[in-house]
Amino acid sequence: MITNRQSGTRIDEIADKIFRISTPVPSMPGGFSFNQYLIVDDSPLLFHMGLRRMFPLVREAVAAVIPPGTLRFVGLSHYEADECGSMNDWLAVAPSAEPLCGQVAKLVSVDDVADRPARALADGETMPLGTHTVTWLDTPHLPHAWECGYLFENTTRTLLCGDLFTQGGADCPPVTQADILGPSEKFRKAMDYFSHTTNARAMLDRIAKMGPRTLACMHGSAWRGDGAALLQALAEALEE
Ligand SMILES: [Fe+2]
Ligand SMILES: [Fe+2]
């Protein structure tokens, strides 16, 4: 469903009660997209929040599904503007919302810049939202930032995988079963946005063991299929 005609921002359900909000940016070279994911439950969660300048568009898209003021958590994988530039705007419109992140992000950045303290999840910690439950996974420097981590939603086996599998293009479909590793490798090679951590394989193996069925990418399409196999294929590609 398109929620803003001028920008082309849209919201689509990609797993049970998990919605992808996507804003295309055709003016960037090759086109690009910024996605946020909304988990609708007793404690609604938005992961990530989006750029500060995109806040009105993302709020409008959230409002198509739930009142934005009812958000309980606004999460981030790592501290960058596309993850959390709009954090204080969200905290202002949603009075019971808390920033949600890993322990390093809370310590290093979030508790300084956010208008309310963050709820930090420890590595492997699980938190119920209602029918959904999310587990935090620390992934330092994968693909970048010391504080980086992901949320895994256990009932739908959806990995909210941030910048992993970033695909260029402004008009990617909401969900695809087509190859996203090829396009994301093309993007990685051109942009060199991965750190050179030597722990990537161990971290990818650990996430693969959780058996994700949907990968909720921050840039490009979400993907459905054998997530473990795709994560292993990424680990291979990083070692080439
Ligand atoms: Fe990033
Ligand atoms: Fe990103």
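Colleague: Which residue forms a salt bridge with Asp123?

Modeller: This is a predicted model, where local features need pLDDT of at least 70, side-chain atom pairs count only at pLDDT 80 or more, and totals for chains, interfaces and linings use all residues. Residues are numbered from 1 along each chain as written, and side-chain values use heavy atoms, without hydrogens and water. A salt bridge puts a side-chain nitrogen of Lys or Arg within 4 Å of a carboxyl oxygen of Asp or Glu. Here the closest N and O atoms are 3.0 Å apart, and the partner of Asp123 is Arg206.

Colleague: Where do Asp123 and Arg206 lie, and how many residues apart are they?

Modeller: Helices (H or I, at least four residues) and strands (E, at least two) are DSSP runs, numbered from the N terminus. Asp123 is in the loop between β8 (119–121) and β9 (126–128). Arg206 is in helix α6 (residues 200–208), and the separation is 83 residues.

Colleague: Arg10 and Asp12 also meet in a salt bridge. Is Asp12 buried or exposed?

Modeller: Buried means under 20% relative accessible area, exposed over 50%, partly exposed in between (1.4 Å probe, protein chains only). Arg10, at 27%, is partly exposed. Asp12 has 12% relative accessibility, so Asp12 counts as buried.

Colleague: Which helices hold Arg201 and Glu236?

Modeller: The side chains of Arg201 and Glu236 meet in a salt bridge at 2.7 Å, N to O. The pair ties together parts 35 residues apart in sequence, because Arg201 lies in helix α6 and Glu236 in helix α7 (residues 227–239).

Definitions and conventions: Chains lettered and ligands numbered in written order.
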